[in-house]
Amino acid sequence: MSDPKEQLQRDVERTRRELGETVEALAHKVDVPGRVKEQAQETVVRMTAAANQAVDSLPQPVAEQVEKARRHPGALAAALIALVVAIWAISRRNR
């Protein structure tokens, strides 16, 4: 038979552990800026991996151009703007 005092001590220790876990979980839920930052970092990691995988699957000349664009983001932005304007102009012409 177990000693009631020992059983009570084990119950108290278990309750403290559970309370500590609950407080930790609540603190994590309340830390919205921290969770947003953590989620943004995870998204960056996933998107970087997906972009790298996409570049790896491109033909070599295209992949080289993508690498150049990565080194010069301003040029990439200008090229994307030019592409959007060209698509817009073509779509307006076809109306």
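**Whole chain**

Start with the surface display. The accessible surface of the protein chain is about 8600 Å², and carbon and sulfur atoms account for 63% of it. Keep in mind that this is a predicted model.

The elements run α-α-α-α. That makes four helices and zero strands. The radius of gyration is 28 Å, well over the 12 Å that the globule rule gives for 95 residues, so the chain is more spread out than a compact globule. Along its principal axes it spans about 90 × 35 × 25 Å. Now colour by burial. Of the 95 residues, 3% count as buried.

**Helix 2**

Select residues 32-56. This is helix 2, with 25 residues. From its first C-alpha to its last it reaches 36 Å, close to the 36 Å expected at 1.5 Å a residue.

A side-chain oxygen of Asp31 comes to within 3.1 Å of the backbone nitrogen of Gly34.

Move on to residues 73-93, which form helix 4. Pick out Leu83, which lies in this helix. Is Leu83 buried or partly exposed? Its relative accessibility is 47%, so Leu83 counts as partly exposed; the buried class needs under 20%.

Together with Leu83 they make a nonpolar surface patch of about 360 Å².

Methods:
Residues are numbered from 1 along each chain as its sequence is written. This is a predicted model: local features need pLDDT of at least 70, side-chain atom pairs count only at pLDDT 80 or more; totals for chains, interfaces and linings use all residues. Side-chain values use heavy atoms; hydrogens and water are left out. Helices (H or I, at least four residues) and strands (E, at least two) are DSSP runs, numbered from the N terminus. The expected span of a helix is 1.5 Å times one less than its number of residues. A polar contact is a pair of N or O atoms within 3.5 Å; within protein, one must be able to donate a hydrogen and the other to accept it, and residues adjacent in sequence count only if both atoms are side-chain atoms. Patches are made of residues with over 30% relative accessible area and no salt bridge: like charges are joined within 9 Å, nonpolar side chains (Val, Leu, Ile, Met, Phe, Trp, Tyr) within 5 Å. Accessible areas come from the Shrake-Rupley method with a 1.4 Å probe; for residues, only the protein chains shown count as cover. A salt bridge is a side-chain nitrogen of Lys or Arg within 4 Å of a carboxyl oxygen of Asp or Glu. Buried means under 20% relative accessible area, exposed over 50%, partly exposed in between (1.4 Å probe, protein chains only). The radius of gyration is taken over C-alpha atoms; the globule rule is 2.2 Å times the number of residues to the power 0.38.
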